[in-house]
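Hi everyone, thanks for coming. Let me put the structure up, and then I'll walk you through a few parts of it.

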Amino acid sequence: MSAALQVSHVSKSFPGVKALSDVSITFQAGSIHALLGENGAGKSTLIKIVTGIHLQDEGEVMMGGIPVRFANPRKAAAGGLGVVHQERNLVNRLPVGENIMLDRLGAHSLSPVDYRSVHKEAERWLKLLELDVDPRMQVSRLSVAQMQLVEIGKALSLQSRVLLLDEPTASLTPNETKVLFRILRKLRDDGVAIGFVSHKLEEVFEICDKVTVLRDGHNACDSIDLNKLNRADVVQMMIGRAERISKKDARPKRDVPPYIELKSYASADGHRDINLSVRPGEIVGLYGLVGAGRSELAKALLGLSPQTAGQVLVKGRPVAIHSVAEALHSHGMGYVSEDRKQEGLILLHSVLANSGITVWRKLATRLGFLRDATVADHVGPILRKLELKTPSLYQTIGNLSGGNQQKVSVAKWLAAGVKFLIIDEPSVGIDIKTKAYLHDLIHELANEGTAILLITSDMPEMVDVADRILVMDDYQIKGEVENDRNYERVSKQIMGFIHGREAA
Amino acid sequence: MNQTVANPSIAADAPQSPQGRASALTRLLLSNEFGLAVLLLLTFLIFANTLQGFSSTFSLFTIGRQIGINTMIGLAMMAVIVTGGLDLSVGAIGACTAMFFGYLAQALGLPLVFAIPLAIVFGAGLGFINGITVVKSGVHSFIITLASMSIFFGLMIFLTKAQSFNQLPAEVPSFGKWKIGGLVSPLLVISMLMCVVLSLFYRFTTLGRSMLAAGANPKAAELSGIRTGHVITACHVLTGGLAALAGLMLTARTGAAIPSMAGQLGQDWLLPAFLAPVLGGTLLAGGRVSVVGTFLGAAFVQTMTSGLLLMRIGEFWILACLGVMLLLAVLTDKARQSLLRSKGMV
Amino acid sequence: MKTMKPIAAAMLLGTLASGAAMAGADTKVALVPGGPHPYFAAWEQAGKDAMKDFNLGAGDYRVPAKWELALQSTMLESLITEGYNSFLIFPGDAVGTNSVAAEIKEAGGMSIATAGCLKDPTPAMFCMGTDTGNSAYLGTKELIRVMGGKGKIAHFTGFLVDPNTQLRIDAVQKAADETNGAVTVVQVIADIDAPEPANEKINAYLAANAAGVDGIVTTAWVPAVVAAQALTKIGDKRIKMVGIDHDEVVLKAVKDGFVDGTMLQNPYGQGYIGSYVLDKLRSGCTLKEDAPWKSNALTAKFVDSGTVFVDAKQIDTYVDAMRGITKTVLANFEGNYLNCK
Amino acid sequence: MAIGVFTRAFDNDWIGPGIVSLAAVVGISILQPSFLSPFNIFVLLSAISVNVVIALGQLVIIAIGQMNLALGAIGGLVAICFVGIIELYGVPPVPALLIGLAIGILTGMVSGYTIARTGITAFIITLAGLQIFKGINLGITEAQPFYAVPQSVKDFGNLSMIGPVPWLIVPMVLASVGMWYLLNHLRIGRYILAIGNNPHAAELSGINQRATTTWAHAISGLLAAVAGIMLVAKLQIGQPTIGDDWLISSFAAPVIGGAVLSGGHVSVAGTFFGVVIIAIITQALVLFNIDPYIVQVVLGGLILWAVGINRWRELRVARLQEQGR
């Protein structure tokens, strides 16, 4: 029997970066197949090629032994390929039911929509997922987890032979995840080929039977049985060496007054009763699931959302921050965004413009004049220190690799010489080497006296880098964990704080 | 390709390796501006050799003068397209400013040295109103300026009772008629100077760069410490100022400040205002400007218009020709971009 | 257009005799309105006829595609470039078009502001057109007459940016004032030169105020058409109305008795006489400074191209009336205004 | 959810404009009793009918998150083609009508397809379309109107059906109900809204964006054509200027009616009341002899006011949602 979905020897380049090279993977019917790899290893690119969003440069995609080349996701869905993408893809202003059934609202353009059957059908999938939501309700009124489930329901409802799930559990609670896994097992038993992408190795070992690992766009392994492997093997394949539990020693505590301190802080975004302080030279981790309100807290601190209660103290003095400009220029605060493409960088512009944007004001003459050379003199040493690889400073940054882009989005804050830096998911979409490098850099910065707030959902990263870890859930701080670099203990404690909500 | 930046300060002055330089040359040859310049040159040569009178000094003078005015109108729109927005009220601002200038110079008898700057400040002020409304309301500038176009123009007509100012100081009309070297209008010179100034502005000033950054990605710019709201307001102010300048130039050209110079609600300016920057390669989505392209775009449109008129194609078909030209221009640009992308050159 | 043909033919006959055709092959006349408008349609035939009758090098009617001052200016400039030297121009703007007229003069050509005037000081030779103020005044007088000397008048007129609009408003007011309060102007609706808003506003006004109005005077083409339509539709013959121009709708309403009369203007005569005069001036004639120029709010050198009130009785023979005027004006011009050696 | 009921009342976009319309009617008729005379109602309804069809033509494009600057140019082109073929070729009214509507659909489809195929913003494509269609219009007519409007067409535009209700209301009602049904109950309508709301998600969900965009513009073209022909009937003349001044009101009415300009959310009933408000204000300014110079200012102010209200509502809904989390 030929494989339900087979990818053979696929390569794909984007300007400035080779995303996939000679990658193969085979999804069999009746199997749950884990696709693993670090951020930037090429998982999402692979899924996008399979579903017809990107076109491969070389290689072949086959379904049931027949080569396919979907022109767009529509064709892929019609060809029997259901996908839950990593980013949310719901139409917010339409009701839940219609979102689930969006591609089956009618036979042709002028078909009337039979709402009763649409809602009935949608309800079936919502029930299956144990999601108690009226299919007539607008998606915009759902919580993040509910949206994720609706999206899964939408993919399930296609009843396709192949189902690819890209990080389906990122914002789910353990209970919701349990329900999802039950459904996936049933689908597997019914003969569906399921592809499962996740960062959470525990989940992978719980539900998957096969595994393919990608590393830097190559196959680290191709469709092997998972039960022959243990966690350490998988990790070794992912990062190319044995998992280091903690390379870095616990850093000495500094006994200095905090650079920034929040007291019973609340924001218009919904944060409540936040108490938090970061000392110069300290790396404070902020852990939480997607939708817990971490990035929102960072942005609120920078003045993008009004403060509604409590106090913010910078160097012991109460301040009110109304704009990022104020945060940067008056209080030395910076923010490395998790969303490089949308918030961190101006992809249309050059490396120089992106790395110098924070210091234009500082470097300009009194009349606001500024020469490229002045900026280059200022940011050049920093970029050089970060070992940025670019043909020239005038290269459009959109053409650089993810790791190099990330270096620039950090570099601009180094250039600005901030005293307090919030780093949000620093290792999304970058290669392992850059990641390690960034971790060193964060430590180095802290050693030089910068106060750092690190936001990440990557548990090993958190354990590796942070000094102490605050756990956030539902826009509140649920607890604090002193980081002794003991992965097992720390991660268990963190999860305990988050799941405390479940128990209650 | 991927060599580490060895010496950034050198990189700043002459960043390209020989390889990089070659690709820069190719990039120049494939750029919108270059294509437009070639097209303009060709059109011009064809018209000059086939149409009688096209290359007479009088014809060249009038074409040049009109290019000057249309360039300024195009620059005014360009300054706000940078933000990914637009300003439908440029014509209304131009007409209002011209009338305000007329009032100052004629009714109040203010010397030109005061009247001109005051008028430009007035136009910039109208732009400021647009900008602050757009930023504060968060509504797209299309709808805001659609409204302000009506309001500005309506108030102007209400206040002036649509009466022209035609007793302006003699310098004004004679400036419009002045032929430098018997051929070149000072209006063209002013616009070309403004092109130089704006090119420098977008390249060498903090504000100009911030405008580009805020236009390309307002979120990222905001999070990088740029006061996006202020910058976008500043873009509208710049638009207002440039529209005011265009209004004054048109006043010099007609020798009087007349309320109808930009048509009902100032709508006559909209076509040149969009044609020039769009033909010139300014991204409507914001974040990239081409000042030179705007000039070339305006020059191309005016050359075509004059040529078509001389060819006696039929006055009424000129409008359709301009529309087709706009369409072809954007389609060619699209094709060029995808060519570049397929060759991995962008 | 179709209406124009008979007029044109009739006028041709009437004027051929008086046209002492001089060799004017180097006189290239361009007739340029401010933009497309049915009023100017007669200019095309007038230009052609004049070209034939007076042996001109050209008598071309060229219309800017839109009512856009810049477009008209560009077109005039390109006509200069093409070698035209005599221009009949309807000014896109009474002030703004002066600069192009100056360019024509500098290029060795001459121009006559036609159907609308340029504001003095102007490089145009003179202005020939309907005396808009006078026409509005006379029309209002006629209206007051049919109203029996008392009542309330509504006045519908054109674009506000057109300076003639203000002249018309003033003239109507003046005629009403002369009745010492017996007649009042109760409403002026302006800015309705496009059919859609005209239709909306005039209908809205009549719908609500028909009872409060005894007479309507219109002083622009579109409002006349729309108001005539409206009165015909209501079937109201109590409200008196004096229209303007010769749109089919207005003429029919006059015939049917819903409109009491219309003030005819003379676009054909303007084009024809204007071309003739330009040719004369080019062949050495000069304008007499002491000629009986009229003056209006814009210029001191104005020649009336004639206007005539026609009511139901004369409506079938209005072409004759116009022919008479054209003849008179042409003869009058030759005798009183031109100085030919 | 209690909040659901509360916000749903606010969600009904037409309630605000509806109340304003009603208040305006009551207020004006007290000050000016003739406002409610049968003839005035007739006049008002005729004007509203045409403008609703125009606004709906823009509404469907706003729904998909774009704008159609060529709406008026298409309407004008169809209007003169309609009368033109009757006058020049003696085509009977009904085939002429069908040809006119076909031209509208076709021109709309061409713009829509160009936008969908090239990905160039609708603003530029329809700006070019505006110039081209208007240019063809003027090229054909040389700006002279066609007069040969058949009596049947004139009657349609000027006679009343029952009492003060004009025949013109028929296409308006058909268009409104049709548009409401399309947006709420037809697959194409839901797709239009989905694309307007989140084009990326729509594409990933298997919606054919190209076809949907093309059809949305075709519908817009059809409505422009209907409005153009309605105006021919109403004005009794094939004016080349038809459509020149549709732009502002075509955006103002949907916006007053609560449409979100970025797409995905529109209200047919709200748009209807938006048109009513504009019509009443236009009339009120005439009735109360308000300086005509100020009309434009009021219209502009009205748009800003509507935008402000919409914004306020959006924020309010967002806040309620925040609290409901």
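Let's start with a pair of strands. In chain A, strand S16 (residues 333-336) and S17(A) run parallel and are joined by four bridges. Strands count as paired here if DSSP finds at least two bridges between them. Helices (H or I, at least four residues) and strands (E, at least two) are DSSP runs, numbered from the N terminus. Across that pair, Gly334(A) sits opposite Leu421(A) in S17(A).

Some housekeeping: this is a predicted model, so local features need pLDDT of at least 70 and side-chain atom pairs count only at pLDDT 80 or more, while totals for chains, interfaces and linings use all residues. Residues are numbered from 1 along each chain as its sequence is written, and chains are lettered from A and ligands numbered from 1 in the order in which they are written.

Back to S17(A). It also pairs with strand S18 (residues 451-455) of chain A, in the parallel sense, over five bridges. There, Asp424(A) stands opposite Ile455(A) in S18(A). So, is S17(A) mostly covered or mostly open? Covered: five of its five residues, 420-424, are buried. Buried means 20 or more other C-beta atoms lie within 10 Å of the residue's own; 12 or fewer is exposed, in between is partly exposed, and the C-beta atoms are placed from the backbone. Phe420(A), Ile422(A) and Asp424(A) point one way, Leu421(A) and Ile423(A) the other, and all are buried.

Now, the chains together. Which chains share the most contacts? Of the five pairs of chains in contact, it's A and B. A contact means two C-beta atoms, placed from the backbone, within 7 Å. Here 41 residues of chain A are in contact with 35 residues of chain B. On the chain A side, H14(A) gives the most, with seven residues. That side divides into 21 nonpolar, 11 polar and nine charged residues. For those classes, Ala, Val, Leu, Ile, Met, Phe, Trp, Tyr, Cys and Pro count as nonpolar, Asp, Glu, Lys and Arg as charged, and the others, Gly among them, as polar.

Chains D and A touch too, with 24 residues of chain D in contact with 24 residues of chain A. H9(D) gives the most to chain D's side, with six residues. By contrast, no contact joins chain A and chain C, whose closest C-alpha atoms lie 34 Å apart.

Next, a helix pair between chains. Helix H14 (residues 291-311) of chain B packs with helix H3 (residues 69-82) of chain C at an angle of about 55°, and their axes are 9 Å apart. That makes H14(B) oblique to H3(C). Axes are lines fitted to C-alpha atoms, for helices over the stretch in contact, and angles run from 0 to 180 degrees between N-to-C directions. Under 35 degrees is roughly parallel, over 145 roughly antiparallel, 65 to 115 roughly perpendicular, and the rest oblique. Among the residues making this contact are Leu309(B) of H14(B) and Met75(C) of H3(C).

Last stop, chain C. Six strands form an open sheet in the order S7-S6-S8-S9-S10-S13, with mixed pairing. Strands S7 (183-189) and S13 (308-310) of chain C are at the edges, each with a single partner strand, so one side of each has no neighbour in the sheet. The twist averages 20° from one strand to the next.
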